[in-house]
Amino acid sequence: MITTIKNNSLVDFEHELSLILNTYSDEVEKAKKIIIFIEDVLKQLTDWLKHHVFETIQEEIKFFKEIKPNIVAKLIFYKEILLLVATLPLDKNKRVKHYEKKVDAINHFHRRNREFIKYIKSQSTHFDELYFSRKQYKDIFLNDCSVIIHDAKICTSHDYLLAEVIAYELLALHIENRIDNLNQSCAITNNQFHSNLHWTAKKIDLIELIYALHEFNVFDNGQADIKEITHVFEKAFQIDLGDNITRSFIDIKNRKTDQTRFLNQLQAALESKIENDLN
């Protein structure tokens, strides 16, 4: 099993997820791997839930309100990311409208579920047993008809809705950062940004630096896309790094020795400068 279930929680789920996030740089590849991983975890969860009996109603509520929705939310989020990228227009000016259309859909979702979202945001608990337990009988007026198509052993009336709330909040923040990046990029283009600096080291050295900065989450709290970062460096240093920097990064990973050659040289040069200045 990729992860084990203990004390009504998934052991090492976040650890496994972070490994995937740190292994893949390409956004599409990363999303695909995470989706496959989470779907496998949810299959294990389904089998476990069909036979597991919670000792108390509080344990059951905790699982369906705090644990399962956060896992499902990540699946929804990365499927939405994959769809956004797959349908992204080539024209940069149309991309903002593409993202804004999704934001409108998220806002519509929030308006439609405002009472439930208010319940969650206010940390209310008075409807928890109704929303987040698998009791056979519930209020026939409050129950959503969609519950009929779900297996009552593995879900409650509102745990998936809560997962959507969490996922769409993450997605809204992600899209907001994307729109900001695009607006800044367009502003640079519109202002006819020019630099007199030229990158005179090897292209592969700059790609190594870009990947290091991207992986250290120095741009937009880690939300910036590697291609957008590359575009800015190309503009700033008047260099064409080619269409497939992923291929170049594979070459870096395949080095027999000294994989971070350029970064090591940078560190050595800076340490030498500091040492000389101190002496």
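## A phenylalanine pair in helix H9

Phe-233 has a relative accessible area of 12%, so this residue counts as buried. The model in which it sits is predicted. Phe-237 has a relative accessible area of 21% and is therefore partly exposed, as the limit for a buried residue is under 20%.

Both Phe-233 and Phe-237 belong to helix H9 (residues 226-237), where they are 4 residues apart, about one turn of the helix. Their ring centres are 5.8 Å apart and their planes stand at 55°, so the pair is tilted.

## Other aromatic pairs

Across the whole structure there are 18 aromatic pairs. One of them joins Tyr-119 and Tyr-131 in an edge-to-face arrangement, with 5.3 Å from centre to centre and 85° between the planes. Tyr-119 is in helix H5 (residues 114-121) and Tyr-131 is in helix H6 (residues 128-132), so this pair ties together parts 12 residues apart in sequence.

Tyr-119 is buried at 6% relative accessible area, and Tyr-131 is buried at 11%.

## Helices H1 and H3

The axes of helix H1 (residues 13-23) and helix H3 (residues 57-86) come within 12 Å and cross at roughly 20°. H1 is therefore roughly parallel to H3. The crossing of H1 past H3 is left-handed.

On the H1 side, the contact involves Phe-13, Glu-14, Leu-17 and Leu-21; on the H3 side, Ile-71, Lys-74 and Tyr-78. These contact residues comprise 5 nonpolar, no polar and 2 charged.

## Glu-80

Helix H3 also holds Glu-80, which is buried at 12% relative accessibility. Leaving aside residues up to four places away in sequence, Glu-80 touches Lys-102, Tyr-168 and Leu-171.

Key
Residues numbered from 1 in each chain as written. Predicted model: local features only at pLDDT ≥ 70, side-chain atom pairs only at ≥ 80, totals over all residues. Heavy atoms only, no water. Axes fitted to C-alpha atoms, helices over the stretch in contact; angles between N-to-C directions. Helix = DSSP H or I, 4+ residues; strand = E, 2+ residues; numbered from the N terminus. Parallel < 35°, antiparallel > 145°, perpendicular 65-115°, else oblique. Left-handed = near helix turned anticlockwise from the far one by under 90°. Contact = heavy atoms within 4.5 Å. Nonpolar A, V, L, I, M, F, W, Y, C, P; charged D, E, K, R; others polar. Buried < 20%, exposed > 50% of the residue type's maximum accessible area, 1.4 Å probe, protein only. Phe/Tyr/Trp six-rings, centres within 6.5 Å; stacked < 30°, edge-to-face > 60°.
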